[in-house]
Amino acid sequence: VPMVGRGLCGPLTALSPQDWEQRQEEDTLLIERILLLVRNVLHVPPDPAEEQGVDGDASVHDRVLWALHISGMDDLLKFLASAQAEQQWALHVLEIISLMFRDQNPEELAALGQGQVAAEHGEDTRELETLRQRELAEKRARALQRPSRHSRFGGSYVLQGLKAIGDRDVVFHKGLHNLKSYSHDLGKEQRRVPRRRQAA
């Protein structure tokens, strides 16, 4: 069956992109015959006595559908159904699609799709939750590794006995280890002396 699907798909793939004005009469007849053949294959009624399958085993109809899917025939049918220039095949495609879903129950199909979506959603939620927990653990570990205060903050100190402007004590904004090198000129821009006026 897969080889037949691929064999039918080849001519359809070659003929579909052609403009309908460029198609020969033989090409149009070939497309119609292929579509009628697919319709007739799908139209064969199931025979449970002949199949004798195990419970849960795929029926012959399901295997034919899978072969059509593997060969790419379903994509070609979607193209023929949606293309504006291929409207002459609309009834054939509609009949093939109705025969594809012949033995299916709509409620079961809808529930099956939702069950898969719910399972995938639950799996994605669990995966996101584990990633979130891992990220929180890494953030906590980084917070424990770094010190509580950053090292550039030296603090502010009042130097008693050293007067600033207006009879106030000097406020020193550097670390205590820099106190030895303190002068009133600390932080002021040094005045540049021209080279000719520099001391020899």
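Is Glu 129 buried, partly exposed or exposed? At 38% relative accessibility, Glu 129 counts as partly exposed, where buried means under 20% relative accessible area, exposed over 50%, and partly exposed in between (1.4 Å probe, protein chains only).

The structure is a predicted model, in which local features need pLDDT of at least 70 and side-chain atom pairs count only at pLDDT 80 or more, while totals for chains, interfaces and linings use all residues. Residues are numbered from 1 along each chain as its sequence is written, and side-chain values use heavy atoms, with hydrogens and water left out.

The secondary structure of the chain comprises seven helices and two strands; helices (H or I, at least four residues) and strands (E, at least two) are DSSP runs, numbered from the N terminus. In sequence order the pattern is α-α-α-α-α-α-α-β-β. Of the 200 residues in the chain, 19% are buried. The accessible surface amounts to about 16,500 Å², and carbon and sulfur atoms account for 54% of this area. Accessible areas come from the Shrake-Rupley method with a 1.4 Å probe, and for residues only the protein chains shown count as cover. Contact denotes heavy atoms within 4.5 Å. Among contacts between residues at least 6 apart in sequence, 50% join residues at least 24 apart.

Four salt bridges are present in the structure, a salt bridge being a side-chain nitrogen of Lys or Arg within 4 Å of a carboxyl oxygen of Asp or Glu. One of them joins the side chains of Glu 129 and Arg 132, with an N to O distance of 3.5 Å. Both residues lie in helix α7 (residues 106-145), three residues apart, about one turn of the helix. Arg 132 is partly exposed, with a relative accessible area of 46%. Another salt bridge links Asp 75 and Lys 78 (3.5 Å, N to O). Asp 75 and Lys 78 are separated by about one helical turn because they are three residues apart in helix α5 (residues 73-82). Asp 75 is partly exposed at 46% relative accessibility, whereas Lys 78 is exposed at 54%. A salt bridge is also formed by the side chains of Asp 169 and Lys 163 (3.3 Å, N to O). Asp 169 has a relative accessible area of 29% and is partly exposed; Lys 163, at 46%, is partly exposed.

Asp 167 lies in the loop between β1 (157-163) and β2 (169-172). The phi of Asp 167 is near 55°, a positive value in a residue other than glycine. Most residues other than glycine have a negative phi. With 69% relative accessibility, Asp 167 is exposed.

Helix α6 (residues 90-100) contains Ile 97, and Leu 99 is also placed in helix α6. Ile 97 is partly exposed, with a relative accessible area of 33%, while Leu 99 is buried at 9%. Leu 99 touches Arg 39, Leu 42, His 43 and His 61, residues up to four places away in sequence not being counted. The C-alpha atoms of Leu 99 and Val 44 are separated by 9.5 Å, with the two residues 55 apart along the chain. Ile 97, together with Phe 101 and Leu 109, makes a nonpolar surface patch of about 250 Å². Patches are made of residues with over 30% relative accessible area and no salt bridge, with like charges joined within 9 Å and nonpolar side chains (Val, Leu, Ile, Met, Phe, Trp, Tyr) within 5 Å.
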